[in-house]
Every structure is written in C-alpha cells, then in structure tokens.
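Subject: Structure for your review

Dear colleague,

Please find below the structure that I am handing over to you. I ask that you keep it open while reading the notes that follow it.

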Amino acid sequence: MSIKAVPAAGFDAEMPVLIVGGGAAGLTAGLAVQEAGVEVAVLERDPLPRGSTALSAGLIPAAGTRFQKAAGLDDDPERFAADIMHKNGGSGDPAIVALVSQQAGPTVEWLAESYGLPFSVVTNFDYPGHSVRRMHGLPTRSGLELVDHLRDAAETAGVMLMTDATVTSLYSDGGGVVRGVEVTRPDGSTESIGCRVLILACNGYGGNPEMVAKYIPEMKDALYSGHTGNRGDAALWGEALGAKLMHMSGYQGHGSVAHPHGMLISWAVVMEGGFQVNAEGVRFSDESKGYSEQASDVLKQPDKVAWDIFDERIAAITRQFEDFRQAEATHAVIGAADIHELAARLHLPGDALAATLAEAEQFKRTAGTDRFGRNWANVPALEPPYRAVRVTGALFHTQGGLAINQQARVLGRDGKPLSNLFAAGGAAVGVSGPEARGYLSGNGLLTAVVLGRTAGMAAAEMTLATA
C-alpha cells in the first residue's frame, strides 16, 4: 500500500466520488452520494460486497425511532449519547458521539423508508450498557442480510459497484490532495481511476497481525473473527498523507465465540441469567460488564476457553440469531437434563459446576452483588434443562482509526481537515475510546451507517461545489 504521484499520462478513468470498501459504511455512503445526484463508484476487493458487516449480527443502535415507539420504548438521542460516554469512560469525542447518537434514528428510518430495509427492535433482552432497548435489525438478525439489502438498494439506485477491485495505492499531488486510486484485479492487472473526492470505508486493521501486535498486544494471539481484508489500509494511507490517528488501541472483542466452530454466541446467554465458567467449573469475572472486554478475560483461562452456561428459555430467545441456529445445527450447543449431567458432557468437575450454579441462583434470589461485582438483581433464574457452549475470546474489529470532524472529513495532525478525504466505519476512529471496555454494543455498525451517510452527503456537497 502506498501513495503515488499522479500519472503523467492521466488516469484510465474518472469518477467524481470514489468509495473504498463495500460494507455497510461504503454502501450507505454510496446511497447518500447517488441520492444527491452525484456519480459515485464503490470499489470492493471481494467478488461480492460483504466485508465485516456480513460477519456481524447486523444490529444498529438508534434512539427515538418509530420502531421503538411502536414497541412502547421511550428513548432519545441524549440518553443514547450518555450511554455511549458512560461506557467509554468519557474518552470518546463528544462532537462525534453527539453526531452519531442524533443521526442514528434518522439514518435507520431513511434506510427503511427510502430503501425498504425491514427493521425491527430487539425487544426480548437487554444489551450491556444500553439503558433502553434500541438495537435495530432485520428479520434474521444477521449482518449478511443487512449488507445484502444494502447492496440491492445501491444497485437499484444506480450506484456503480466495482468488485474484485482491490485498491492498492492512492494518487496524491504531493500537497495532501487525493487525485485518484490504483486498482489491482485478481489477474494482477492494474488501472488508475481519478476522483475529486475519496471516501475511505475499508474498515480497520484486525487482519494485519503486525499492527495488532503493535497497538493491541493483548489480542495478538486471539482468534480473529473479522474480515481478512481489514489490513489497516486506511490508517496507513491516511498517516502517509499527514492524517491524525486516534485511539488505535481500541477494539471490539467478544468473549463468546463457539470453539472450535467459530460461530458468535449472542451475549443474551449472559444477560438473561447465564454465566461463564472455566475448566475448573468456576466463574472468573463479571460477565455482565460487556462482551468486548470479556474476550481478554476468557483468553486468560486455561487453554483460552470457557463455557457459557444457560438454559432452554435463554436458548429460545437466542434462536432469533442465525449464528446461534447454526451453532445448534453443528452440535456446538450441548444440552442436559440436570447440572451434573451437563458437567459430565462438558468434562467439567460436577460438584464445582453445581456449586457455581447454586451460588449464582442464591445471588439472584437475594438481589445480591458477587465478588466480581456482578449485580444479580432482576436476573431470571436458570431452570433445567440446561444448555452450554464451549467458547473462546476473539477480536472482531478495531475501533481506532483516522480522526474526523462532524462532516466525516479526515483531520490532519494539525487538526485541520485534509482537502478532499473522508472516512467512515472502521476507517475512522470510533466512539469507544482507547480500550475494549469502551465498546458499547453496536458501536461498529452505528458509526458505519451514520458516518457513511454523513460522509456521502458531505462528499456530494463538496463535489457539486467544485464542479
């Protein structure tokens, strides 16, 4: 990946706006640019636009939507912003937090009303850190369904999608202005495409082991559950152009990925009354604090594994997610009529697991707080038959990236916007701060779609102003 001088012979093709990356951020940005009446092309390295979005649960947190109101949920952007800032310990940029919390609702409703995405709110369990149920998803609760809907919408709207098109270099005039990109095809051939504005929507650096070891060493040996194409291109290009990087140590982990199957097990298994144990059959942390920071706690356990312990009631709730249904289909979910039978099937010490269950249930009955700091008030009891999944901790995506302003313009190291460069999604710094514990459920897709739309509208406006 490099920055090159503008070709002396000119570009092979020209496009007013180019977008690098065809996940939720890039496709949403493309819709916004096209809607403004500006030609745009989305460049995607894979044969089909999917990216990290397809590997997620496809849930977007948003406040004050008609979907919440229909479900009887009272929420507003100010409450949402407060939840984000509480989770990140006040380390997120207040201006960007305000932007995404205020614009998430309008963005979800725009996608629903203008492009037919059938959103609904997850109403049968709470996500850690959210004071209101505000997670919006499509019927299968899968990121694959979300990105496929966005791709269909983009194609119908006339957005040019160029697949099998890996952007390998940017062209700059030497003054920090981006003039175009170099695209490499699977057969090794290249082409140059000029542009007036560039939007980087190519996610973070989770698929770059060297960058992971540098910025988040505690996760360098963790399972990576993101897209392998997330090589840190945006950060490397931006840095070469003089951009400021922020919170590069921030990331979203997950402490509940079925092992060795690799399927995400929803945190509903914990929030609805379940818990995690290690190979000794005992708990080792406050699981309710959040699934992102739980990843490193799981990785500290023997063999870097733990077991989710829950019951059939929780399993029924979790079956709304495609990943869990697949986990059951591949026999990753183990069932038993009682706790001792479950321990035997999991090869865990029976007496220890039974004692762990009894202790958790006692805290539930007394609304107590345990030695790890987990408060069990209003947490439902577990009832036989029981269920369990062997899990490990994983890195899902990074949250650090290019510093941006409220128009999603990339900022230089002097704090001033670069001339014609925008960033969204994982390419831009998120709102989770510099630590895994700052990640609030849905922060990834929140910044993908909101900053994608923001960048698209601002890029179109800049293009029209300079036409």
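Let us begin with leucine 200. Leaving out residues up to four places away in sequence, leucine 200 touches Val20, Ala234, Trp237, Leu402, Leu421, Phe422, Ala423, Ala424 and Ala427. Please note that the model is a predicted one.

Leu200 also belongs to the largest nonpolar core, which has 87 residues; together with Phe119 and Leu198, Leu200 touches the most other members. Helix α14 gives the most to this core, namely 11 residues. Another core lies apart from it and has 49 residues, including Tyr127, Ile314, Ile339 and Tyr386.

One of the partners of Leu200 is Ala424, which is found in the loop between strand β20 (417-423) and α14. Is alanine 424 buried or exposed? Its relative accessibility is 0%, so alanine 424 counts as buried. Beyond its neighbours within four places in sequence, alanine 424 is in contact with Ala25, Leu200, Ala201, Leu451 and Gly452. By contrast, the C-alpha atoms of alanine 424 and aspartate 221 are separated by 27 Å, and these two residues are 203 residues apart along the chain.

Asparagine 203 counts as buried because its relative accessibility is 18%, and the cut-off for buried is under 20%. Not counting residues up to four places away in sequence, asparagine 203 touches Ser52, Asn230, Ala234, His397, Gly426 and Ala427.

I turn now to the packing of helices. Helix α4 (residues 94-115) packs against helix α14 (residues 443-465) at an angle of about 80°, and their axes are 9 Å apart. The two helices are therefore roughly perpendicular to each other. On the α4 side, the contact involves Leu99, Val100, Gln103, Ala104, Pro106, Thr107 and Trp110; on the α14 side, Leu446, Thr447, Val449, Val450, Leu451, Arg453 and Thr454. By class, this contact of α4 with α14 has 9 nonpolar, 4 polar and 1 charged residues.

Helix α4 also meets helix α1 (residues 24-35): their axes come within 12 Å and cross at roughly 65°. This crossing of α1 and α4 is left-handed. Thr28, Leu31, Ala32 and Glu35 of α1 make the contact with Trp110, Leu111, Ser114 and Tyr115 of α4. The residues of this contact divide into 5 nonpolar, 2 polar and 1 charged.

Yours sincerely,
A colleague

Conventions. Residues numbered from 1 in each chain as written. Predicted model: local features only at pLDDT ≥ 70, side-chain atom pairs only at ≥ 80, totals over all residues. Heavy atoms only, no water. Axes fitted to C-alpha atoms, helices over the stretch in contact; angles between N-to-C directions. Helix = DSSP H or I, 4+ residues; strand = E, 2+ residues; numbered from the N terminus. Parallel < 35°, antiparallel > 145°, perpendicular 65-115°, else oblique. Contact = heavy atoms within 4.5 Å. Nonpolar A, V, L, I, M, F, W, Y, C, P; charged D, E, K, R; others polar. Core = buried A, V, L, I, M, F, W, Y, C linked by side-chain atoms within 4.5 Å. Buried < 20%, exposed > 50% of the residue type's maximum accessible area, 1.4 Å probe, protein only. Left-handed = near helix turned anticlockwise from the far one by under 90°.
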